[in-house]
Amino acid sequence: MSVPADYEQAAWSWTEHLRHGGTRTWTDWLSSGWGSDAVVPTAWVAPGAAQLEVVRRLATVSGLDGPEFTRLADLVLGRSAPGRGLAHQPLSWPDRPPGRRFGAPPVDPSVVPEEELLRVAVGGLAELALQVPVARERSPRRGWLSRTSDVQVVGAPVTAAAVRRRLGLTARRSGRASRVVVMVQPFDRLLAEVWSARVQRGAPVRWPGFVRRWSGRADLPPAADLPGLARRWADRVGAEQVHLVSVHGDPATAVSKALGLPVRHASAPLRLWDLSPEAVDLCRRVNAVLAVRVDQQRHRAALAGLMPGLASHGPGEGLTVPRGRRRWARSRAEGLAEDLRSGDYGVHGDLGRLVPTFAGVAGPDRGEELAVALSACAGLGEEWSGG
Amino acid sequence: MGEHQPTAPRRVVLHVGAPKTGTSFVQDVLWRNRESLAEQGILYPADRFDEHFLAALDLLELSWGGLEKQAVGAWDRLVARVRDWPGTSIVSHEILATASRQQVRRAVDSLAGGDAEVHVVLSARDLVRQIPAEWQENVKHRRTVAYRDFLDKVTDPARQGTLASWFWGVQEVPDILARWGSGLPPEQVHVVTVPKPGAPRDLLWQRFERVLGLEGLLDESALADARRRANPSLGANETALIRRINERVNDGVLVGDDYRLLVRELLAHRTLSHRRRTARVGLPDDVRAWAVELSDAWIEELGEQRYDVAGDLEDLRPDPQGTEALFVDPDHPDEDAVADAGLDSIVMLLSEVARLQESERRLGRELADTRAELDRSRGLWVRVRRRVVRAADDNALAAVGLAGYRRLRGLISRSA
C-alpha cells in the first residue's frame with residue numbers, strides 16, 4: 001500500500017498551509033500548484049480529511065495567528081476523533097485513488113459530513129477544556145439579606161436556578177423553607193430543561209434517547225414530576241405555602257410578583273446555564289470524552305471552563321419532543337395539570353400552559369452545533385494561548 | 001509473578017481483533033491461566049476479566065454504556081505492567097482493531113517503551129460468515145436495525161454512520177493490518193485465519209498458540225473451561241425474536257445492566273443460542289457475490305504484504321455457492337419457529353423468576369432470623385444492665401464496675 005509521492009507532497013504542503021492559519025480549500029490548493037517542491041518528512045502520516053477541514057474552519061473563526069494558531073492546529077491534528085465514526089479519511093485525489101485500495105474512502109474535505117467534523121472538534125474541545133485552568137468561582141458570603149431559609153424554588157431546573165439567582169435565593173440542601181415555588185413550564189420545555197441540567201452535570205445522554213426512555217416509564221424525572229414535588233413540599237410546609245407559578249415571560253418577574261419579592265442584582269455564580277439545544281448536545285458529546293479521560297472532579301472543572309463559551313450563543317430556539325412522542329407528552333402534561341389543580345396550592349398563572357404546543361425544534365441542528373463547537377474551540381484556544 | 005528470570009528480550013504481542021474470530025475464547029484461556037503462564041514467563045496483565053477492554057476504551061476514547069468511567073487511566077496502568085515485565089506480554093482485545101494510525105502509534109510506542117519487540121496479531125474469518133455475525137452482535141446490543149438495512153449500510157461505499165464505520169473499522173482486514181502493522185517488519189505482523197466449518201476443533205487454537213508463543217505451555221485441562229463457556233451463534237429466527245424484544249424494551253423498560261443480564265446473557269446466550277435444528281443467518285445472493293469478490297481482493301493484498309500467516313489465506317475465501325443451507329431472511333422469519341423460540345424464552349424466564357423468588361424467600365427468612373437474634377441479644381443486654389444497676393445500690397463491687405462502664409461509654413461517645 002505505497003502512497004504516491006506527489007499525493008504526499010500535496011497533502012503535506014496543504015497541512016503546513018493550514019497549520020499556519022491558511023484557509024484555502026483542498027480543491028483550490030490542488031488547482032494552484034500545491035507546493036510540488038515540498039520535502040515530506042520521513043514517516044509523516046497525513047492527518048484525516050476531517051481533522052484538516054476543522055483546522056481550516058478554525059482559522060476562519062479564531063482570533064489567533066502565528067505560532068499560537070499553529071499550536072492550536074497541532075492540538076487538533078495530533079489527536080484522533082473520539083468515539084465511533086469513520087477512521088481517518090484520505091484526501092480526494094483527481095486522477096487516481098491516493099494509494100489505498102482499502103480503508104475509509106477518500107473525500108474532498110469540504111464535503112466531509114458535519115457529524116465527522118463535530119467528532120474532531122469535540123475531541124479538540126475536550127482536550128482544551130482539560131488544559132485551560134478554570135478560575136474557581138466562589139459563592140458570595142451568605143449575608144443577612146439572603147432569604148435562604150425562606151423560599152425554595154423547584155421544578156424546571158434551569159429556570160429555577162435562574163430565578164434563585166435573580167431573587168438572591170440560595171438553594172438549600174437541608175430542605176428547610178417556609179414557602180415553596182414550583183416553576184410550571186410547558187411539559188416539553190420542562191423535560192428539555194431536565195435534560196439540559198443532567199448534561200451540564202456530566203451525563204452523556206442524547207435528547208431523543210432521553211425522551212424515549214422516559215416515555216416508556218410510569219414515573220418521571222423528579223424535577224419534572226411537578227405534582228410529586230408539590231405534594232412532598234406540601235407535607236412539610238402546608239399546601240397553602242406551595243405556589244405554582246406558570247411562567248409567561250420573565251420567570252424571575254413572575255415569581256417576584258407572585259411572592260412579593262424584589263428582584264436583586266445577581267451576584268451568585270450560575271449553577272445551570274440556559275443553553276441552546278446545540279450547546280447542550282455539544283456538552284453531551286464532550287461529556288462522553290471526559291468520562292473516559294478523567295475522574296469526576298476534573299470532569300466538573302473542565303465543564304465549568306467550557307460553559308461560558310457555550311452559553312455565549314444564547315438559548316436559541318426552544319426544544320420540543322420528537323414527533324413520535326408528542327401524543328405521550330400531551331397526555332402526560334394533561335395528567336400533570338389535572339393532578340396539580342386537585343391540590344390546594346396557590347396558583348399563579350394558567351396551569352393549562354403545562355400542555356405543550358410543540359413549538360421549537362425537535363433536536364439540535366448539526367450545522368449550528370458545529371458552528372458552536374468551532375467557536376468554543378477558538379475561544380478556549382485563545383485562553384489556552386494566554387490571550 | 002516477577003521472579004521469572006528471562007533470557008530473551010522483552011516482547012509484546014498485541015492481539016487486536018477481529019470480533020467473532022475466537023477472541024473471547026483466547027481471552028478466557030489467557031485470563032484463567034494467567035498465573036501458570038506467568039510462571040512460564042508470559043504475562044497476561046489483568047486483575048479483572050475485562051481489563052484489556054477497559055484499556056482499549058481509554059485508548060480509543062470510547063464510551064460504552066457507562067463502563068467508560070471505570071476505564072479512566074486504564075491504558076496507562078496496562079502499559080506500566082507490561083513495561084515492568086521482563087519477558088513476553090500479551091494484550092488482547094478486538095475493539096483495538098478500530099484504532100486510528102495516531103492511536104496505534106501511541107499504543108505501540110507506549111508498550112514498546114523503546115526496548116521491546118512488538119508483534120501484532122489479527123485473527124480473521126471469511127466475510128460471508130462475518131457479516132451476519134456482526135448483525136447478530138448488533139442485535140444483541142439493543143439495536144433494532146433490520147437485516148437488509150444493515151446489509152445496505154455496510155455495502156454502501158460511503159460507509160457513513162456509526163454502524164457502517166464501526167463494521168469496517170473492526171472487519172476490514174487489509175486496512176486494520178495496514179494501520180497496526182505500519183512501522184513493523186512483516187514478520188512481526190501475524191494473521192490467524194479461522195478454519196472453514198468442519199475443520200478439527202483444536203486447529204484454530206493451535207494457530208493462536210503459535211503466534212502468541214504459547215506452544216507447549218497449556219494442556220487440555222487449561223482449555224476445558226473456556227470451551228464450556230463458548231457461545232454458539234444465534235439462528236435466524238432467534239435473532240429476529242431478540243430484535244423484536246429490543247423494540248419493546250428499549251423505551252425505558254430495561255436499562256443498563258438489566259438488559260445485559262436478562263436479554264443478552266439469559267435469553268440470547270443461555271437459551272436461544274442453544275436451540276438446535278434452527279436456520280443460520282446467511283447472506284442473500286447479491287451480497288454474497290459482492291463479499292466473494294471483495295474477499296478475493298483481500299487475499300491478494302494480504303499475500304502481497306508478506307505477513308506471517310498462521311493457517312491459510314484460502315480460509316478467507318468464502319465457500320462456493322451451494323454448499324451452505326438456503327438463505328433464510330431474518331426480516332421475514334418462520335413465525336412458528338419464532339413463536340417456539342418465544343416459548344423457550346418464557347420458560348427460561350419463568351424458571352429464573354422462580355429461582356429469584358426462592359432466593360427472596362430465603363433472604364427474607366435469614367433477615368427475620370437475624371432480627372430475632374438481634375432482639376434476643378438486645379433483651380439480654382438490657383436485662384443484664386438492669387440487674388447491675390440494681391445490684392450497685394447494695395454491692396460496692398458492682399457500683400465500681402458500673403461507674404467504670406459509664407466513664408468508658410462517655411469517652412467513646414465524646415470521641416465519636
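Helices here are DSSP runs of H or I with at least four residues, strands are runs of E with at least two, and both are numbered from the N terminus. On that basis, A:L261 sits in the loop between α10 (251-259) and α11 of chain A. The model is a predicted one, in which local features need pLDDT of at least 70 and side-chain atom pairs count only at pLDDT 80 or more, while totals for chains, interfaces and linings use all residues. Residues are numbered from 1 along each chain as its sequence is written, with chains lettered from A and ligands numbered from 1 in the order in which they are written.

(Buried takes 20 or more other C-beta atoms within 10 Å of a residue's own, exposed takes 12 or fewer, partly exposed is in between, and C-beta atoms are placed from the backbone.) Leaving out residues up to four places away in sequence, A:L261 touches A:L167, A:V255 and A:S256, contact being C-beta atoms, placed from the backbone, that lie within 7 Å.

Zooming out, chain A has 14 helices and 4 strands, and 46% of its 387 residues count as buried. Among the contacts in chain A with a separation of 6 or more, 82% come from residues 24 or more positions apart. Chain A is assigned domain 1 (5-112) and domain 2 (151-365), with bounds taken from an automatic or database domain assignment. Over C-alpha atoms, the centres of these two domains of chain A are 43 Å apart.

Now for the core. A nonpolar core is a set of buried Ala, Val, Leu, Ile, Met, Phe, Trp, Tyr and Cys residues joined through C-beta atoms within 7 Å. The largest one holds 205 residues, and A:A121, A:L125, A:V182 and A:A373 touch the most other members. The element that gives the most to this core is α11(A), with 10 residues. As for A:A373, its contacts beyond four places in sequence are A:L118, A:A121, A:V122, A:L125 and A:L282.

Between the chains, the contact takes 31 residues from chain A and 30 residues from chain B. On the chain A side, α8 (207-215) and α11 (277-293) each supply at least two residues, and α11(A) has the largest share, 5 residues. That side divides into 16 nonpolar, 7 polar and 8 charged residues, where Ala, Val, Leu, Ile, Met, Phe, Trp, Tyr, Cys and Pro count as nonpolar, Asp, Glu, Lys and Arg as charged, and the others, Gly among them, as polar.

Chain B is split into domain 1 (11-126 + 161-232 + 302-316) and domain 2 (368-415), and 64 Å separate the centres of the two, taken over C-alpha atoms. Helix α9 (residues 173-181) of chain B packs with helix α14 (residues 285-305) of chain B at an angle of about 30 degrees, their axes 9 Å apart. That makes α9(B) roughly parallel to α14(B). (Angles under 35 degrees count as roughly parallel, over 145 as roughly antiparallel, 65 to 115 as roughly perpendicular and the rest as oblique; they run from 0 to 180 degrees between N-to-C directions, and axes are lines fitted to C-alpha atoms, for helices over the stretch in contact.) In this pairing, B:V173, B:P174 and B:L177 of α9(B) meet B:W298, B:E301, B:L302 and B:Q305 of α14(B).

Definitions and conventions
Two residues are in contact if their C-beta atoms, placed from the backbone, lie within 7 Å.
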